[in-house]
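Let's walk through this model together, starting with the overall layout and then moving in to the helix contacts. Please keep the viewer open as you read.

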Amino acid sequence: MPSSTASVERLFSLMNNLCTTNRNRLSQDTLTALMMLCREGCQQLSDDQTSKIVEIFKKMKERDIAL
């Protein structure tokens, strides 16, 4: 059992930074992929993980953003 909850709290903080009121419709797969990229960085991910993340983003439909 971990003696601290700091690592879990960091992950929740990262998730809250990614899933804002403007980005509240992220799917679980997209949010997980973004968290992996933010937490691990591209260099730390295996080729399989990287290609899986790229496929998730390829499947997303484009959205028009009114500025």
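This is a predicted model: local features need pLDDT of at least 70, side-chain atom pairs count only at pLDDT 80 or more; totals for chains, interfaces and linings use all residues.

Residues are numbered from 1 along each chain as its sequence is written, and side-chain values use heavy atoms, with hydrogens and water left out.

Let's begin with the whole chain. It has three helices and zero strands, and reads α-α-α along the sequence. Helices (H or I, at least four residues) and strands (E, at least two) are DSSP runs, numbered from the N terminus. Of the 67 residues, 15% are buried, where buried means under 20% relative accessible area, exposed over 50% and partly exposed in between, with a 1.4 Å probe and protein chains only. Taking contacts (heavy atoms within 4.5 Å) with a separation of 6 or more, residues 24 or more positions apart account for 30% of them.

Now turn to helix α2. Its 13 residues reach 18 Å from first C-alpha to last, close to the 18 Å expected at 1.5 Å a residue; the expected span is 1.5 Å times one less than the number of residues. Thr30, Leu31, Ala33, Leu34 and Met35 are the buried residues of α2, and what covers them includes α1 (6-18) and α3. An α-helix has 3.6 residues a turn, so residues three or four places apart point the same way. Just after α2, Gly41 takes a positive phi of about 80°.

How do the axes of α2 and α3 cross? Helix α2 (residues 28-40) and helix α3 (residues 47-59) have axes that come within 10 Å and cross at roughly 135°. Axes are lines fitted to C-alpha atoms, for helices over the stretch in contact, and angles run from 0 to 180 degrees between N-to-C directions. The two helices are therefore oblique to each other: angles under 35 degrees count as roughly parallel, over 145 as roughly antiparallel, 65 to 115 as roughly perpendicular and the rest as oblique. The crossing of α2 and α3 is left-handed, meaning that the near helix is turned anticlockwise from the far one by less than a right angle; clockwise would be right-handed. On the α2 side, Asp29, Thr30, Ala33, Leu34, Met36 and Leu37 make the contact, with Gln49, Ile53, Ile56 and Phe57 on the α3 side. These residues divide into seven nonpolar, two polar and one charged. Here Ala, Val, Leu, Ile, Met, Phe, Trp, Tyr, Cys and Pro count as nonpolar, Asp, Glu, Lys and Arg as charged, and the others, Gly among them, as polar.

Thr30 is worth a click. This α2 residue is buried, with a relative accessible area of 5%, and touches Ile56, Phe57 and Met60, not counting residues up to four places away in sequence.

The other neighbour of α2 in this tour is α1. These two pack at an angle of about 120°, with axes 10 Å apart, in a right-handed crossing. Arg10, Leu11, Leu14, Met15 and Leu18 in α1 meet Leu31, Leu34, Met35, Cys38 and Arg39 in α2. That contact divides into eight nonpolar, no polar and two charged residues.

Asn17, in α1, is exposed at 53% relative accessible area, and its C-alpha lies 9.9 Å from that of Met35. Ser27, in the loop between α1 and α2, is partly exposed at 36%.
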